[in-house]
Amino acid sequence: MSRKRHQSLILSDYYSASYGLYDIDHNGTYELIISYGTNEADRSNAVYEYTDSGVKYIGEITGSVGLYGAENRNGIYAVRGKMGSETIRRIPLKMMIGLN
């Protein structure tokens, strides 16, 4: 059974952050995803992984998006809807480097 965790934090009247743990590449180690920003326009999602040498920054999934696990266990979907349009991106962990 896949365990997923999520927590939201209100850091001020204008800035909020939330985080979640999800095994994006299904290698047995959960990646940490921190969603942060003051509004929809500057929202972003930083992705970190734990390695033998410590925590490593992987990259950003930019924008105010909903994140969903890929059904084939290879990556994560970033879904965004705005003003009558919708964008869905599947992002494998190995492709996150350099997305920022």
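The secondary structure of the protein chain comes to 0 helices and 8 strands, where helices (H or I, at least four residues) and strands (E, at least two) are DSSP runs numbered from the N terminus. Read from that end, the elements follow the order β-β-β-β-β-β-β-β. The model is a predicted one, so local features need pLDDT of at least 70 and side-chain atom pairs count only at pLDDT 80 or more, while totals for chains, interfaces and linings use all residues. Residues are numbered from 1 along each chain as its sequence is written, and side-chain values use heavy atoms, with hydrogens and water left out.

Of the 100 residues in the chain, 31% count as buried; here buried means under 20% relative accessible area, exposed means over 50%, and partly exposed lies in between (1.4 Å probe, protein chains only). The chain exposes about 6,700 Å², and carbon and sulfur atoms supply 51% of that area. Such areas come from the Shrake-Rupley method with a 1.4 Å probe, and for residues only the protein chains shown count as cover. Among contacts (heavy atoms within 4.5 Å) with a separation of 6 or more, 22% are accounted for by residues 24 or more positions apart.

We can now look inside. In soluble globular proteins, nonpolar side chains tend to be buried together. A nonpolar core is a set of buried Ala, Val, Leu, Ile, Met, Phe, Trp, Tyr and Cys residues joined through side-chain atoms within 4.5 Å. The largest one in this model has 11 residues: Tyr22, Ile24, Ile33, Val47, Ile58, Ile61, Val65, Ile76, Ala78, Ile91 and Leu93. Strand 5 (54-62) and strand 7 (76-82) each supply at least two residues of this core.

Asn45 itself is found in strand 4 (residues 44-51), and it counts as buried because its relative accessibility is 2%. Its side chain joins that of Ser35 in a polar contact of 3.1 Å and reaches the backbone oxygen of Gly63 at 3.3 Å. A polar contact is a pair of N or O atoms within 3.5 Å; within protein, one must be able to donate a hydrogen and the other to accept it, and residues adjacent in sequence count only if both atoms are side-chain atoms. Asn45 and Glu60 are 15 residues apart in sequence, yet 5.4 Å apart in space, C-alpha to C-alpha.

The loop between strand 2 (16-22) and strand 3 (31-37) holds His26 and also Asp23. Asp23 is buried, because its relative accessible area is 10%, and its side chain reaches the backbone nitrogen of Gly28 at 2.8 Å. Leaving out residues up to four places away in sequence, Asp23 touches Gly28, Thr29, Tyr30 and Glu31. His26, by contrast, counts as partly exposed because its relative accessibility is 28%. The phi of His26 is near 50 degrees, a positive value in a residue other than glycine.

Towards the end of the strand order, strand 7 and strand 8 (residues 85-91) run antiparallel and are joined by 7 bridges; two strands pair if DSSP finds at least two bridges between them. Arg80 has Thr87, in strand 8, as its bridge partner. The hairpin of these strands has 2 residues between them, and Met83 there takes a positive phi near 50 degrees.
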